Amino acid sequence: MAVLVIADHDGAHLRDTTLKTLSAAQGLSGDIDVLVYGEGVSAVAPQAASFAGVRKVLTAESPELKADIAEAVSALILSLADNYEAIAIPATASGKNFAPRIAAKLDVSLISDVIDVVSADTFTRPIYAGNALETIKTSDAKKVLTVRPTAFKAVTATGGSASVEAVSAPAVALKTRFVSDEKVTSDRPELGAAKVIVSGGRALGSAEEFTSVLEPLADKLGAAIGASRAAVDAGYAPNDYQVGQTGKVVAPDLYIAVGISGAIQHLAGMKDSKVIVAINKDPEAPIFQVADFGLVADYKTALPDLLKALG
Amino acid sequence: MKILVPVKRVLDYNVKVRVKSDQSGVDLANVKMAMNPFDEIAVEEAVRLKEKGTVTEIVAVSIGVAQAEAVLRTALAMGADRALLIQTDEDLEPLAVAKLLKAVAEEEKPDLIIMGKQAIDGDNNATGQILSTLLDWPQATFASKVEVSGSELLVTREVDGGLQTLGVALPAVVTTDLRLNEPRYASLPNIMKAKKKPLDTKAVADYGVDIAPRLSVLKVTEPAKRSAGIKVDSAEALVANLKTAGVL
């Protein structure tokens, strides 16, 4: 059976999420094609073609695909769906937006947030904010899955030389108009791909404090910056920083939680990190129950000390 | 303008999730249930649009057990005008839920459907998108701002890397994200009034749609527990430990 993997990229590079989805797809089949849509596909497609085991790379461009309009993206994927038994999509905000549409049109049950491919029809996924895991078997002939990237290792083996083939995006009568984008630009690594994340909570008290306290540490460690829901709700950090059940799910090598109490919904987004550090002045904070190393201290003194100790 | 708001009864978000020892599911016996928090945000947004004068009627609909009437009463107390319960004891998949909601939408003919982006039990994040597809109405998911502008709805969405604003033609399906609004608490007089608001009950069979499950749950387990580590007493000790752990 062949699998179509939908690539996530930034217009110049494939994102790590794609490499991890490829890894999940390898658990389904040896025949993997990759679809790269949007803009900059001519730069991104050869990267996808270079991975071992990729059979073919398909590319498609249009203004609607560039704007990631769900109706347009799902129509494109559906026009290719006949050739595949499974479609694997990174479980990003973008993927979650269009994946259910494909399942709906194919009249199959979407399998979302897959964390383990048990067999070609059996998958494990988190429910209840990751407080339980369900293993489900589908009876649908065609599978549409979204893959939680943090649960898989990125494919690394290159040496592939898949062909690249342009496909045309089907015409769709859209009832949706793209108005504007407000993207947060940053020189830091992306949250989803960062090896180190420094994350702040409501204890930081203000947007200025959030920035002035966390940035020096993040700069020192080459880290991405994250935030708890409370910090985002309070306006200390943009929504894109949110780590948790309803924000981003991350699993870096090192996660440093500063002034974060550790609400269940936050833990759901970071508890698969390799090493967790908690800095909080409340010794009873639930974050300490999942932290490998806890420092009970006020961040106001602890962070300058930490910067000094890092040299 | 008329709004349809689907709401789901779920385990209250403050309740600790317990997996049954026979791995058949999560224990829901004798625990507090409540309206899915994202659906509360949807009800709130509908009520605010009504308060602005844009909306004339809000219909809340739930699909679930008889006790789901309680979450519909909550929606009525928050400001919905009437409610519909499609009663079933089965745990329906998003595809089946969307097919039933499509049938409801065809009867009710709302101009807008606002619903939570996901329910905090199944965490699928799928029903709104499926419903939009089945109805062939435009979708605007993960909304953090909704504005009516003539026959168009301007929706600001939380996306990877920031925000995106779309204009969608009505009728449309919108799913709510956390920052769209802060839901109100229903006042006691409104809770009393809600008891007298109309609430219809129907059966799944009344709609004649295919709700057969496609997925079978083989087991539900607890995730691997993370054991608590050690407390360190200084930043120096922390750095030393991180170096030993190989992450610095």
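The points below concern a predicted model.

1. Salt bridge at B:Lys202. B:Lys202 forms a salt bridge with B:Glu107, and the closest N and O atoms are 3.6 Å apart. This pair links distant parts of the chain, since B:Lys202 sits in strand S11 of chain B and B:Glu107 in helix H3 of chain B, 95 residues apart. Elsewhere, a network of salt bridges with shared partners takes in A:Asp107, A:Asp140, B:Lys99, B:Asp210 and B:Arg214.

2. Other salt bridges of helix H3. Over all chains, the structure holds 39 salt bridges. One of them brings together the side chains of B:Lys2 and B:Glu108, at 2.8 Å from N to O. B:Lys2 belongs to strand S1 of chain B and B:Glu108 to helix H3 of chain B, so this pair ties together parts that are 106 residues apart in sequence. Both B:Lys2 and B:Glu108 are buried. A further salt bridge, between B:Glu106 and B:Lys102, has its closest N and O atoms 3.2 Å apart. B:Glu106 and B:Lys102 are separated by about one helical turn, because they are 4 residues apart in helix H3 of chain B. B:Glu106 is partly exposed at a relative accessible area of 42%, and B:Lys102 is partly exposed at 25%.

3. The ten-stranded sheet. An open sheet of 10 strands with mixed pairing has the order S11(A)-S9(B)-S8(B)-S7(B)-S10(B)-S6(B)-S1(B)-S4(B)-S5(B)-S11(B). Its edge strands, each pairing on one side only, are S11 (176-183) of chain A and S11 (199-203) of chain B. Direction ignored, neighbouring strands are turned by 25° against each other on average. Within this sheet, strands S7 (residues 139-149) and S8 (residues 152-159) of chain B run antiparallel and are joined by 6 bridges. B:Val146 stands opposite B:Val155 in S8(B). Helix H3 (residues 94-108) of chain B lies across S1 (2-6), S4 (57-64), S5 (82-87), S6 (112-116) and S11 of chain B, and runs at about 150° to S4(B).

4. The six-stranded sheet. Which strands make up the open sheet with parallel pairing? Its 6 strands follow the order S13(A)-S12(A)-S14(A)-S15(A)-S16(A)-S13(B). S13 (224-227) of chain A and S13 (230-232) of chain B are the edge strands, each pairing on one side only. From one strand to the next, the twist averages 20°. Strand S12 (residues 196-200) of chain A runs parallel to S13(A) and is joined to S13(A) by 4 bridges. The bridge partner of A:Val198 in S13(A) is A:Ile225. Helix H9 (residues 299-310) of chain A packs on the sheet and touches S14 (254-258), S15 (275-280) and S16 (293-296) of chain A, with its direction at about 135° to that of S15(A). Helix H6 (residues 235-244) of chain B also packs on the sheet, touching S14, S15 and S16 of chain A together with S13 of chain B, and its direction makes about 175° with that of S16(A).

5. A hairpin in chain A. Strands S6 (residues 116-119) and S7 (residues 122-127) of chain A pair in the antiparallel sense over 3 bridges. The hairpin joins S6(A) to S7(A) through 2 residues. A:Asp116 stands opposite A:Thr124 in S7(A).

6. Two buried residues. B:Val55 lies in the loop between helix H1 (37-51) and S4 of chain B. B:Val55 counts as buried because its relative accessible area, 4%, is under 20%. Leaving aside neighbours within four places in sequence, B:Val55 is in contact with B:Met1, B:Ile3, B:Leu49 and B:Lys50. B:Val55 and B:Lys2 are 53 residues apart in sequence, with their C-alpha atoms 5.9 Å apart. A:Thr18, in helix H1 (residues 16-26) of chain A, is buried at a relative accessible area of 1%. With neighbours within four places again left aside, A:Thr18 is in contact with A:Ala7 and A:Asp8.

7. Surface and totals for chain B. B:Leu188, B:Ile191 and B:Met192 form a nonpolar surface patch with about 290 Å² of accessible area together. B:Ile191 is placed in helix H5 (residues 188-194) of chain B and is partly exposed, at a relative accessible area of 34%. Chain B exposes about 10,800 Å², of which carbon and sulfur atoms supply 50%. Of its 248 residues, 54% count as buried.

Technical notes. Residues numbered from 1 in each chain as written. Chains lettered and ligands numbered in written order. Predicted model: local features only at pLDDT ≥ 70, side-chain atom pairs only at ≥ 80, totals over all residues. Heavy atoms only, no water. Pairing = 2+ DSSP bridges. Axes fitted to C-alpha atoms, helices over the stretch in contact; angles between N-to-C directions. Contact = heavy atoms within 4.5 Å. Patch = residues over 30% accessible without salt bridge, like charges linked within 9 Å, V, L, I, M, F, W, Y side chains within 5 Å. Areas by Shrake-Rupley, 256 points an atom, 1.4 Å probe, with all protein chains shown as cover. Salt bridge = Lys/Arg side-chain N within 4 Å of Asp/Glu carboxyl O. Buried < 20%, exposed > 50% of the residue type's maximum accessible area, 1.4 Å probe, protein only.
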